Amino acid sequence: MPTAALRARAEIDLGALRANVRALRARAQGAAVMAVVKSDAYGHGAVPCAREALAAGASWLGTATAEEALALRAAGLPGRILCWLWVPGGPWRQAIEADIDVSLSGMWALREVARAARAAGRPARVQLKADTGLGRNGCQPGADWAELVAAALRAEAEGLVRVTGLWSHFACADEPGHPSIAAQLATFREMTAYAEEQGVRPEVRHIANSPATLTLPETHFDLVRTGIAMYGVSPSPELGTPAGFGLRPVMTLRAALALVKRAPGGHGVSYGHHYVTPGETTLGLVPVGYADGIPRHASGTGPVLVDGKWRTVAGRVAMDQFVVDLGGDEPPVGSEAVLFGPGDRGEPTAEDWAQACGTIAYEIVTRIGTRVPRVYVNGSA
């Protein structure tokens, strides 16, 4: 009977991650690959995953926040890093001095980065983000884009910035055939063409995220940004399975049963007694809960592999634990409960949990908290 050495652990297969990066490089058809390691590499561990992605041929790293990018530099990660989520008063100078590319979506950001560049005594590497239709970050086409491009070129002439990239982000690339895909791509081509006509000479132009990398080769340009796919999770069930794309899930979440006990029929289980045993049975206590990132929405639905059989969360997920009905089986205390993994050993996948919770697999892996230690296997030499 397999046993878990820890209360719980998230096993991170770095060999699978490297293989995924190589598969994505092949899909990119000559475009460079950015390994997106925001949100602690989608819960997998930013620094170890960034190192392995670079070893497998990724040439850029991507983060949301400046703090995430600076942490990569502090850990000694080389090469190009882009970060894109800024607020006024952010650590612009530190990013400039760490040779990090920063994304600009409006004039306020250009003004702040120019001031920081003067203070640092060196130009900032900046990328101009276009809002081609997602409606989040990015500069609107038309007069706003013209103003930002002109101001960036003036700052470049003054030696304050170097415009290294032009980029955008899809809204619906994970929905095959959605009309916004073609519309956004056309807008991106128009906005980049305008910037280049005005004199911008970017090192990279990029709009492709994971789903676009996998299914829309016409969107690849100079660089693709691979986030969830790098971790072996399909960006959308409609697009295909990880195996269908030549990818393997990187994270396996395991826990050790903390208790196995017999219970009579009619016994309420967990808060609110939303589950009542239908007859005499055995209950297993899995010592992880929503404080560890197990969705409370998985109450009554989340699948778990215990003793070679799929079980389901019985009753509510609590802060630190949940219960499964073992149906009379009595595996030893300490036996392994596998919440999700690649799925090829009969265990549920992150997608199975997403379906059970009415969410997406991105959320399932990213939300696994810091109380669950990451255990890295199959690292490169």
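Predicted model: local features only at pLDDT ≥ 70, side-chain atom pairs only at ≥ 80, totals over all residues.
## Notes for a first look at this model

1. What does the side chain of Glu-330 meet in a salt bridge? The partner is Arg-262, at 2.9 Å from N to O. This pair ties together distant parts of the chain, since Arg-262 sits in strand S11 (residues 259–263) while Glu-330 is in the loop between S17 and S18, 68 residues away. Arg-262 is partly exposed, having a relative accessible area of 42%.

2. The salt bridges come to 23 in the count. As background, side chains of opposite charge can pair when their charged atoms come close. One of the pairs is Arg-9 with Glu-336, whose closest N and O atoms are 3.6 Å apart. Here again distant parts of the chain are linked: Arg-9 belongs to strand S1 (residues 8–13) and Glu-336 to strand S18 (residues 336–340), 327 residues apart. Are these two buried or exposed? Arg-9 is buried, and Glu-336 is too.

3. Another pair to look up is Arg-162 and Glu-156, which form a salt bridge with 3.4 Å between the closest N and O atoms. Arg-162 is partly exposed at a relative accessible area of 30%, and Glu-156, at 23%, also counts as partly exposed.

4. Now to the record. The unreviewed UniProt entry carries a "binding site" annotation that covers Arg-136 and Met-319. Why do these not all gather at one spot? They span 184 residues in sequence and the farthest two C-alpha atoms lie 33.0 Å apart, so the annotation does not mark a single spot. From this set, Arg-136 is part of the lining of the largest pocket.

5. Take Arg-136 by itself. This residue is in the loop between strand S6 (124–129) and helix H7 (143–157), and is exposed, with a relative accessible area of 59%. Beyond its neighbours within four places in sequence, Arg-136 contacts Asp-131 and His-169.

6. His-169 deserves a look of its own. You will find His-169 in the loop between strand S7 (161–167) and helix H8 (179–198). Its side chain makes a polar contact of 2.7 Å with the side chain of Arg-225. Not counting residues up to four places away in sequence, His-169 touches several others, including Lys-129, Thr-132, Leu-134 and Gln-184.

7. Met-319 is placed in the loop between strand S16 (309–314) and strand S17 (322–325). At 43% relative accessibility, Met-319 counts as partly exposed. Leaving aside neighbours within four places in sequence, its contacts are Gly-289, Tyr-290, Ala-291, Asp-292 and Arg-371.

8. Finally, helix H4 (residues 66–74) has as its buried residues Ala-66, Ala-69, Leu-72 and Arg-73. Viewed down the axis of H4, these fall within an arc of 120°, so they line one face of the helix. In an α-helix there are 3.6 residues a turn, so residues three or four places apart point the same way. The buried residues of H4 pack against helix H3 (46–55), strand S3 (60–65) and strand S4 (80–85). After H4 comes Gly-76, with a positive phi near 90°.

How values were computed. Residues numbered from 1 in each chain as written. Heavy atoms only, no water. UniProt positions renumbered as here; feature names shortened; annotations may be inferred. 1 Å grid on protein atoms, 1.4 Å probe; cavity = no way out; pocket = protein on both sides within 12 Å on 5 of 7 lines; lining within 4 Å. Helix = DSSP H or I, 4+ residues; strand = E, 2+ residues; numbered from the N terminus. Buried < 20%, exposed > 50% of the residue type's maximum accessible area, 1.4 Å probe, protein only. Contact = heavy atoms within 4.5 Å. Arc of directions from axis to C-beta. Polar contact = N/O pair within 3.5 Å; in protein donor to acceptor, adjacent residues only side chain to side chain. Salt bridge = Lys/Arg side-chain N within 4 Å of Asp/Glu carboxyl O.
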